[in-house]
Amino acid sequence: MTSLIRHTTIDCTDAYRLASFWAQVLDGTLAEDDLPGDPEATVTTTGGALLFVTVPDAKAGKNRVHLDLQPQDRSRDEEVERLLALGATLVADHRRADGAGWVTLADIEGNEFCVERSAAERAG
């Protein structure tokens, strides 16, 4: 084996603030040494790790890479409502009448991500 992905890195304006948002989204944990004002913050989850790095550049345009979330203990629609309550914003709604589709949201710094149907919804 040559390499493994250690974590996915996301540039941002406030690493601790954005990491705190994503820790809530993913039921993850911030590293013990991450504090407000730090230039980097890491969120560890069951599925991997996200590293947030403060950069001076503002976000410009559409993300080249984004996360697709699949709820584990609730429906897609319930998860969308939970994430909106945490501060995410609706970008595009791709849900279809037959129950298929996804919802594109943006995090508190405008980074797009999608919420897909849960495994139970896909099986049903």
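How many disulfides does a search of the whole structure find? The search finds zero. A disulfide here is a pair of cysteine sulfur atoms within 2.5 Å.

This is a predicted model, in which local features need pLDDT of at least 70 and side-chain atom pairs count only at pLDDT 80 or more, while totals for chains, interfaces and linings use all residues. Residues are numbered from 1 along each chain as its sequence is written, and side-chain values use heavy atoms, with hydrogens and water left out.

**View 1**
Cysteine 12 is in no disulfide. Its nearest cysteine sulfur belongs to cysteine 114 and is 20 Å away. (Buried means under 20% relative accessible area, exposed over 50%, and partly exposed in between, with a 1.4 Å probe and protein chains only.)

**View 1. The open sheet β1-β4-β3-β2.**
Four strands make up this open sheet, and the pairing is mixed. (Strands are DSSP runs of E, at least two residues; helices are runs of H or I, at least four; both are numbered from the N terminus. Two strands pair if DSSP finds at least two bridges between them.) Which strands are at the edges? They are β1 and β2, and each pairs on one side only. Strands β1 and β4 are parallel, with five bridges. Aspartate 11 stands opposite valine 53 in β4. Cysteine 12 has threonine 54 in β4 as its bridge partner. Five of the seven residues of β4 are buried, so the strand is largely enclosed by the rest of the structure.

Strands β3 and β4 run antiparallel and are joined by six bridges. A hairpin connects β3 to β4 through two residues. Alanine 41 is bridged to phenylalanine 52 in β4. Threonine 42 has leucine 51 in β4 as its bridge partner. Strand β2 (residues 29–30) runs antiparallel to β3 (residues 40–45), and two bridges join them. Leucine 30 has valine 43 in β3 as its bridge partner.

**View 2. Aspartate 27 in its loop.**
Where is aspartate 27 found? It lies in the loop between α1 and β2. Most residues other than glycine have a negative phi. Aspartate 27 has a positive phi of about 50°, although it is not a glycine. This aspartate 27 is exposed, with a relative accessible area of 72%.

**View 3. The open sheet β5-β8-β7-β6.**
Four strands form this open sheet, with mixed pairing. Its edge strands are β5 (67–69) and β6 (89–93), and each pairs on one side only. From one strand to the next, the twist averages 30°. (Axes are lines fitted to C-alpha atoms, for helices over the stretch in contact, and angles run from 0 to 180 degrees between N-to-C directions.) Strands β7 (residues 103–106) and β8 (residues 112–115) pair in the antiparallel sense over four bridges. Threonine 104 stands opposite cysteine 114 in β8.

**View 4. The largest pocket.**
Rolling a probe the size of a water molecule over the atoms shows where empty space is left. (On a 1 Å grid over the protein atoms alone, a pocket is an open set of points with protein on both sides within 12 Å along at least five of seven lines, whereas a cavity is a set where a 1.4 Å probe fits but cannot get out; lining residues have an atom within 4 Å of a point.) The largest pocket holds about 710 Å³ of space. (Grid points are joined across faces, edges and corners, and a volume is the space filled by probe spheres set on the points.) Of its 23 lining residues, Val25, Leu26, Thr45, Leu69 and Gln70 are the closest to the centre. At least two lining residues come from each of α1 (15–26), β4 (48–54), β5 and α2 (76–86). The lining divides into eight nonpolar, eight polar and seven charged residues. (Ala, Val, Leu, Ile, Met, Phe, Trp, Tyr, Cys and Pro count as nonpolar; Asp, Glu, Lys and Arg as charged; the others, Gly among them, as polar.)

**View 5. The second largest pocket.**
The second largest pocket has a volume of about 370 Å³. Its lining has 17 residues, and Ile10, Asn63, Arg64, Val65 and Asn111 lie nearest the centre. Strand β1 gives the largest share of this lining, four residues.

Notes:
Pairing = 2+ DSSP bridges.
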